Amino acid sequence: MDKRDPFRHNVLTSGHRACSGCGEAMAARMVTDLVGPDAIYVNATGCLQVFSSHNQQSAWQAPWVHSVFANAAAVASGVEAALRARGKETPVVVQAGDGGTFDIGLQCLSGMIERGHNVLFVCYDNEAYMNTGVQRSGSTPHAVRTSTSPPGLFSQGKQQLKKDVLSIMAAHHMPYAATATIAYFPDLKAKVEKAMGIRGPRFLQILSPCPLGWAHDSALSVTVARLAVETGLFPLVELEHGELTGVMRLAGQKPVDDYLRPQGRFKHLFTGKEGAVELRHIQALADARIRRYNLLEADTQWDTASALRCARHGRGGYVSSSLSVSQGVDNVL
Amino acid sequence: MRISTFREIRFHGRGGQGTVSAAALLALAAFEDHFESQAFPKFGSERRGAPVEAYVRISNTTIRAHNQVYTPDVVVIQDAGLLRSEPLLRGLRQGGLIVVNSEQEVDDVGNKNDHFRQVYLPASSIGERHLGRPLPNTVLLGALAAGTGWVSLIALEQAVTKHLSSKGEKMVTANIAALREGYGFVSSEKEPVS
Amino acid sequence: MKQLLEGSQAVAEAVRLCRPQVVAAYPITPQTHIIERLAQHVANGELAAEFINAESEFGAASIVLGAVTAGARAFTATASQGLLLMTEVLYNIAGLRLPVVMVCANRAVGAPINIFSDHQDSMSVRDAGWIQLYVESNQEAADSLIQAYRIAEACELPVMVCMDGFLLTHTFEPVALPTQAMVDDYLPAFQFARTLNPDRPMTLGGASEPDNFQEYRVDQHAAMENAQKVVETLDAEFAEQFGRRCGGLMQGYRLDDARTVLLGMGSLMGAVYDAVDQLRDQGQAAGALRLRCFRPFPAQALVQHLKDVQRIIVLEKALSPGAGGIVAAELRAALQQAGIMTPVESVIGGLGGRDLTPDVIEAVFQGIPDTEAGVTSRFAPDHITSASDEAERGEQSYG
Amino acid sequence: MSSKLEIAPGSSTAYHTGDWRTRQPVYQNKWPPCSQTCPASEDIQAWLALAAAQRWQAAWHKLTERNPFPATMGRICYHACESPCNRKHLDSAVNIHAMERYLGDRAIAQGWCHEVFDDTARSQRVAIVGAGPAGLSCAFQLVRRGYSVTLFDAQMVPGGTLHSAIPAYRLPRSILAGEIDAILALGVEFRPGTRVGKEISEGELRDQFDAIFLAIGTRRPREYPDKVTSHHSVMSGIGFLQSLNRGEPVKLPKQVAVVGGGNTAIDVARCVRRLGAEVTVICAQDPHGMQYRELGTEMPASSTEVSEAEAEGVHLRYRVGVSRLVRSGAHLSGVEIAHVDRVHDRYGHFNPNFFEGTEEFVPAGLVVFAIGQEADWQGLENLAQASEAEGVWVGGDAVSKSKLAATAVGDGYRAAMSIIASLKGEPFVFDAHKKTNITFRQMQLHYYPEEHRHEGELSKDRLAGFNEVVKGLPESDAQQEAKRCLSCGVCFECDNCWHFCPDAAVIKKEGGYRIDYDYCKGCGICAEECPCGHIDMESVV
């Protein structure tokens, strides 16, 4: 256990240089503590890699390797193959940002899946290249302001749509691919634990708000992530061998305005006529995603209301049951 | 030494406090006053909240070197909280000037016998009054100009007008007001150094 | 009229003035400010170009390759790891003799990953067949960018303008920008004879066999050799029209009766000039030679400048592990070819963003260890022991 | 020698990112609105938390720290604590009084005893005049802290108005007796049938006791309005209830009129219904409703009691007063009522102003004036003038404005603490209500599981007699209901701050969490996502 906090591993520990309120740091802490220190972590270049290994100091307390931006999945394939050759069972986990997954890293990721390597690929999706100062990526949503998709006389931020990477994953008919977010920790925990129980390539896309890039108050990183789900813009779904097997039902649909207003990256849409058109477009996108995944009627284990519930005296956490009274998932009422 | 007038200034702040643009503004003002000038940030990734530095060189001959500033003549501290964790006064020349954004005297700023000149002003609250947000940088620029006399107030105002023109008329006038108050705050107290 | 501009902004303005029709962008520190400024110009209608956000540098290089083959002037910018990810396409662009212009914001190459400035990246692709110009200031970066299009389109060879990451890209300096009319006059609209065109359905990049491949390389090498003259003449033409020069292939500083000459590239030369002035004031016959055009390698011109010099020092911000200094080796070959046996001292420093101050440069001239305690800013690759051994023995290694 | 290409695990902890923050989170208990409102300043969140963990006896001990009458108050208190309950912004308020009753009943059933905090018998002796809720509460606090207490009451049975005037269907005698005995069992010397100024003089009290607490309640009904010339077929509300509680047979006419808008009037009306007669309540104030609440003209009786009364067939007339008693000879045939504009004149005297032309006849063979009671200071004339500095304390209905049992219990506690302080010669500070409070806006209600409010079962034949109308909660309901408490402003260890801290700067320890200020960057996520608003953000200048 971590020497400062006996109740968890702190695989990603304190002292890292992430901005105050960083959603990616939070997501990485959650995932790596759920997987634990007895795993090999392969990181792509990006914010997480930079702020966790800065200035000859490492915030990792598990074996961790970074090579370059585009090849994390291929490096992981090599690691996994070596472990297999040496008869070892250590889990292999890739961590990459949306740039390292949707764009520059997609080819190696597809290769890793097609070859069936027993690797969990985790994408912390903060929807732009944040480490280099908020440039647009394939994952940047429609109409978002970034420094390479600026609003101007002729444009309202990014013209293209957010790349539907989950469908690309589904097309590989891989054993498990799912979306999650920091706001629904019990759901995230359930999906990481399920993924760790499956052999073969697995993919997790975790929405991780970035106070700097999304320009919301650093205290709202969890709230904004929650609103992304509650408005239908970021459906929480599970796919197994390409088929939809799990959906987080929406307890009720919130208007996208609730999600957009706290974020500076959408501010330009709230002044002027063209912006209003884009606001209606974003609402239409949310409605379409709700219809596509049947988010309002799906009869599933829990919905966006019950999945949030906190346990009273919750001793939930990642630690072996000996130390903790109850576990995260089942103590949620 | 061929270089007769050669000044170096170092700015200290936190990621997101406009430290780099303060340095750029000062260099721009010196340029308006027909000096050669150069400004650059401490290189590296700038994390919101993390300590940040930026440097300015002002000279009456062309500046060819692209080295870091090791012995500044002036240190501007935008966030007095940084004193707790960073060696803000390293290399400050004897008789150098320290401009600190803080209500009152901060004890561990250069102990007395190093005889640095010190200027304290509540730049954040002054900035807030003019700009609606506690932004100290233009106020501190005014204070620096008054404390050193190296750049004129008009040059600073021209620099602000040029640099912030894209941000709209209201921002420009507010920043100029903040600039003037910073200048007035210091010039009324001390006569500018040679 | 001069204005204070960040290096990246100066280059971006120069690119805009050259009216590129396709800009391929992929972010990488420290060049990102360049493509950000171009993106803003496109968004505001101040630059009529197709701004393409590539998915990687490999993609970005491929996009500008495609754009030029289809008859559009193109631009991209990258650095360090990104440049190396482009390598396969860089050779391809040169092999296809495509007039592509790119800015490389020089940055160290990992591992270990490092975002600060040195020349390892562009030096590592010196054999890709690109013309490489190393600039020493923001003014020269902007001017060289404009010249680069003339050079590329004249020689049908790609040109890489190398400017030091952070030291230039993130530094505000006075820069004079020409008007659009002046640039249009100097740089006519993009013309490319081998543009893909249904009316002339030619095949580009087809296969080649042992009996015809070598000629391609001979032509390519000849074009590169010829490019030396083009670089000089176009710099002279630029001087006539814009009233300032970039220095053509290279530029001397107080060389007239210099006994010791320090040769280097890029923005570190500012500190070298200051050091030369200091040494001259102390009565020493010191001089400096700034090499601007590294590829094609101007052997004859270098020999002309250095044949009567007693002592030559080459200070480089890149290293060929297991071989040593790169420019130094090539200079030795050139001198030896011209029958001049003056020894060339090879010094390497400033790697990964380490600062080469005037005092360090002066120590290089004097051949004495650095004055700053603990931080060795430079080392001699020819008598080397491992850094960690160094640390143990606490000794300085110097030329 | 590890190569520089390998970086040591966790070595980042050498760098204290804590220097970055300009604000910082602080764990800070708040005083929930229920406790803020409760006149007895009970720490409701604390005992509900213990109940939720099924630690029933611990919960009872925590509750009885301030209020020794949970079983009683759970039944008769008008639970002002439930109206500001933050839970009503999620679904509905926590059924606090039902839980109070559940713990009280369980204590009586299982014979739990109060703890004695300090059993070193102290020499000082305290006299308490009046064995009502105020007196008993004060006695309870003093005796368990080792003080010797002598409790005087004019009546033979302790309990004051609780015993004499609260109808059995609201408070069974056995329940009250059970809780009173638990107090007296701690060693209180109870002297019934002793009236100061008769069986014992004020002087004797002064000499024999170091401190005196006067809690004589309001025994005497207010004077009938002057228009009541003959007392035939006329009674006071308190008189009616006391004779009923004494078990005297009460023969009622077919119709009864009750004058008054307070809880006593409602009690009388509901008793009349149980005795098989029709009853009309004549109330000078307005019914319950927001518009009247702002004007402050609502009837004082609790809204739940009024709705129960209506459910039992009580007729209520608002904004009316008795202008004349209609008699034929001595026989009372009814009352004439009229619209009353205001009840008290400019000087506050009872001087109703009727609108001519709105008169109406209400048949009634008996009229009960439940228009309030007053304290009977007879026999305590000079003690009543003495101040606390002179060793005399006062409390309960005799002096309180609200006339609530809970206020009386609170006064008893406050007096006991003040007496102890003065006997020890220490300054007395009572800050039960100055702590920082907490509103639902500082909370994140969506983190709480939805759960309907559990109510006691209503008995079917409620008018058949005087047995209890509302039954107690079964244990399973009680535990569920206790868990509905949002624990406003008090950490219930839900792990949110611990999960969400991006910098692992929230450290879990036994019984809660602490902030590691070496690394906290002050982002504010923990404060934002804390369900119960337990974490505040302070600026760091």
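Domains, contacts and backbone in a predicted model

Modeller: In this predicted model, chain D is divided into domain 1 (12–29 + 491–539), domain 2 (33–114 + 434–483), domain 3 (125–220 + 375–424) and domain 4 (236–371).

Biologist: How far apart are the centres of domain 1 of chain D and domain 4 of chain D?

Modeller: Over C-alpha atoms, 58 Å separate the centres of domain 1 and domain 4 of chain D. The C-alpha atoms of chain D fill a box of roughly 115 × 55 × 50 Å along the principal axes.

Biologist: What does chain D hold in helices and strands, and what share of its 541 residues is buried?

Modeller: Chain D has 18 helices and 20 strands. Of its 541 residues, 46% are buried. Among contacts in chain D with a separation of 6 or more, 73% are between residues 24 or more positions apart.

Biologist: What describes the packing of helix 6 and helix 15 of chain D?

Modeller: Two packed helices are described by the angle between their axes and the distance between the axes. The axes of helix 6 (residues 133–143) and helix 15 (residues 405–424) of chain D come within 7 Å and cross at roughly 35 degrees.

Biologist: Is the crossing of helix 6 of chain D with helix 15 of chain D left-handed or right-handed?

Modeller: Helix 6 of chain D passes helix 15 of chain D in a right-handed crossing. The name applies because, in such a crossing, the near helix is turned clockwise from the far one by less than a right angle.

Biologist: Which residues of helix 6 of chain D meet helix 15 of chain D?

Modeller: Among those in helix 6 are Pro133(D), Gly135(D), Cys138(D) and Leu142(D), and among those they meet in helix 15 are Ala405(D), Asp411(D), Tyr413(D) and Ile419(D). By class, this contact has twelve nonpolar, four polar and one charged residues.

Biologist: Which residues touch the most other members of the largest nonpolar core?

Modeller: In that core of 445 residues, Leu26(B) and Val258(D) touch the most other members. Helix 1 (residues 19–32) of chain B gives the largest share, eleven residues. In soluble globular proteins, nonpolar side chains tend to be buried together.

Biologist: What does Val258(D) touch, not counting residues up to four places away in sequence?

Modeller: Val258(D) touches Ala265(D), Val268(D), Ala269(D), Val279(D), Val281(D), Ile282(D), Val368(D) and Ala370(D) on that basis.

Biologist: Why is Ser41(D) called buried?

Modeller: Ser41(D) has 21 other C-beta atoms within 10 Å, and a residue with 20 or more counts as buried. Therefore Ser41(D) is buried. Ser41(D) lies in the loop between helix 1 (33–37) and helix 2 (44–52) of chain D.

Biologist: Why is Ser233(D) called partly exposed?

Modeller: Ser233(D) has 18 other C-beta atoms within 10 Å. The buried class needs 20 or more and the exposed class 12 or fewer, so Ser233(D) is partly exposed. Its place is in the loop between strand 6 (220–221) and strand 7 (234–236) of chain D.

Biologist: What is phi in Ser41(D) and in Ser233(D)?

Modeller: Most residues other than glycine have a negative phi, and most peptide bonds are trans. Ser41(D) has a positive phi of about 40 degrees, and phi of Ser233(D) is near 60 degrees, also positive.

Biologist: Where in chain C are the peptide bonds cis?

Modeller: A cis bond joins Gly110(C) and Ala111(C), with omega about 5 degrees. The bond from Ala111(C) to Pro112(C) is cis, with omega near -5 degrees. Ala111(C) is in the loop between strand 5 (101–106) and helix 6 of chain C, where Pro112(C) also lies.

Biologist: How many residues are in contact between domain 1 and domain 2 of chain C?

Modeller: Chain C is divided into domain 1 (2–242) and domain 2 (250–393). Their C-alpha centres lie 28 Å apart, and 25 residues of domain 1 of chain C are in contact with 21 residues of domain 2. On the domain 1 side, helix 9 of chain C gives the most, with five residues. The residues of that side divide into twelve nonpolar, eight polar and five charged.

Biologist: How many residues does the contact take from chain D and from chain A?

Modeller: The contact takes 41 residues from chain D and 41 residues from chain A. Helix 18 of chain D supplies the largest share of the chain D side, four residues. By class, that side has 21 nonpolar, ten polar and ten charged residues.

Key
Residues are numbered from 1 along each chain as its sequence is written. Chains are lettered from A and ligands numbered from 1 in the order in which they are written. This is a predicted model: local features need pLDDT of at least 70, side-chain atom pairs count only at pLDDT 80 or more; totals for chains, interfaces and linings use all residues. Axes are lines fitted to C-alpha atoms, for helices over the stretch in contact, and angles run from 0 to 180 degrees between N-to-C directions. Helices (H or I, at least four residues) and strands (E, at least two) are DSSP runs, numbered from the N terminus. Two residues are in contact if their C-beta atoms, placed from the backbone, lie within 7 Å. Ala, Val, Leu, Ile, Met, Phe, Trp, Tyr, Cys and Pro count as nonpolar, Asp, Glu, Lys and Arg as charged, and the others, Gly among them, as polar. Domain bounds come from an automatic or database domain assignment. A nonpolar core is a set of buried Ala, Val, Leu, Ile, Met, Phe, Trp, Tyr and Cys residues joined through C-beta atoms within 7 Å.
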